[in-house]
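Here is a short report on one protein model. Look at the sequence and the structure first, then read on.

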Amino acid sequence: MTPQQIGLVQATWQQVLPIRETAAELFYSRLFAQDPALKSLFKGDLKEQGKKLMSMIGTAVISLNELNTIVPAVQALGRRHAGYGVRPHDYSTVGAALLWTLEQELGTACTAEVKQAWTDVYGVLATTMRQAAEAG
């Protein structure tokens, strides 16, 4: 990730924050449309899960300039998700749903450069989670 990509992700996240509840609903709707089997992994209130998702993304976005500070938490998240039944290929589905959600919410602000920045950021976080899950 370049400093410019980090800046793009942080700036566009500020645009999502005011509509984060709607973004979470869109995200889960898209995720389950892409892979209905994933719905069975969610046992609790989806609205509450959406709040947790948006909070986690927010924490990661804020910490991108100091990524090493959140790596242990991201690794722990990956291990927990493995325990919930998340499979390695599910990360691709999640990434696609996230990018689609950002495209819907950001509209014309979701340029090719912004999409690439988010793709790269998500790739780093998802890889960290997957590696931790695989390591046990």
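## Around Trp118

Leaving aside residues up to four places away in sequence, Trp118 touches Val9, Thr12, Trp13, Ile57, Val61, Leu98, Leu99 and Leu102. Keep in mind that this is a predicted model.

Trp118 also stands out in the largest nonpolar core. That core has 35 residues, and Ile57 and Trp118 have the most contacts inside it. Which helices supply at least two residues each to this core? They are helix 1, helix 2 (20-34), helix 3, helix 4, helix 5 (90-106) and helix 6 (112-135). Helix 6 gives the most, with 8 residues.

## Helix 1 against helix 3

Two packed helices are described by the angle between their axes and the distance between the axes. Take helix 1 (residues 3-16) and helix 3 (residues 46-62). Their axes come within 9 Å and cross at roughly 145°. Is this crossing left-handed or right-handed? The crossing of helix 1 and helix 3 is left-handed.

Helix 1 brings Val9, Gln10 and Trp13 to the contact. Helix 3 brings Met54, Ile57, Gly58, Val61 and Ile62. Sorted by class, the contact of helix 1 with helix 3 has 6 nonpolar residues, 2 polar ones and no charged ones.

Ser63 sits in the loop between helix 3 and helix 4 (71-84). Is Ser63 buried or exposed? Its relative accessibility is 14%, so Ser63 counts as buried, because buried means under 20%. Not counting residues up to four places away in sequence, Ser63 touches Thr69 and Ile70.

## Salt bridges

How many salt bridges does a search of the whole structure find? The search finds 4. Three of them are set out here.

| Salt bridge | Closest N and O atoms |
|---|---|
| Arg87 and Asp35 | 3.7 Å |
| Arg87 and Asp90 | 2.8 Å |

Start with Glu25 and Lys47. This pair links distant parts of the chain. Glu25 is in helix 2 and Lys47 is in helix 3, 22 residues apart. Glu25 is partly exposed, with a relative accessible area of 48%. Lys47 also counts as partly exposed, at 48% relative accessibility.

Now turn to Arg87 and Asp35. Arg87 forms a salt bridge with Asp35. Arg87 lies in the loop between helix 4 and helix 5, and Asp35 lies in the loop between helix 2 and helix 3, so the pair ties together parts that are 52 residues apart in sequence. Arg87 counts as partly exposed, at 35% relative accessibility. Asp35 counts as buried, at 16%.

Arg87 has another partner, Asp90. Why does Asp90 count as buried? Its relative accessibility is 2%, and buried means under 20%. Salt bridges that share partners join Asp35, Arg87 and Asp90 into one network.

Definitions and conventions. Residues numbered from 1 in each chain as written. Predicted model: local features only at pLDDT ≥ 70, side-chain atom pairs only at ≥ 80, totals over all residues. Heavy atoms only, no water. Axes fitted to C-alpha atoms, helices over the stretch in contact; angles between N-to-C directions. Helix = DSSP H or I, 4+ residues; strand = E, 2+ residues; numbered from the N terminus. Left-handed = near helix turned anticlockwise from the far one by under 90°. Contact = heavy atoms within 4.5 Å. Nonpolar A, V, L, I, M, F, W, Y, C, P; charged D, E, K, R; others polar. Buried < 20%, exposed > 50% of the residue type's maximum accessible area, 1.4 Å probe, protein only. Core = buried A, V, L, I, M, F, W, Y, C linked by side-chain atoms within 4.5 Å. Salt bridge = Lys/Arg side-chain N within 4 Å of Asp/Glu carboxyl O.
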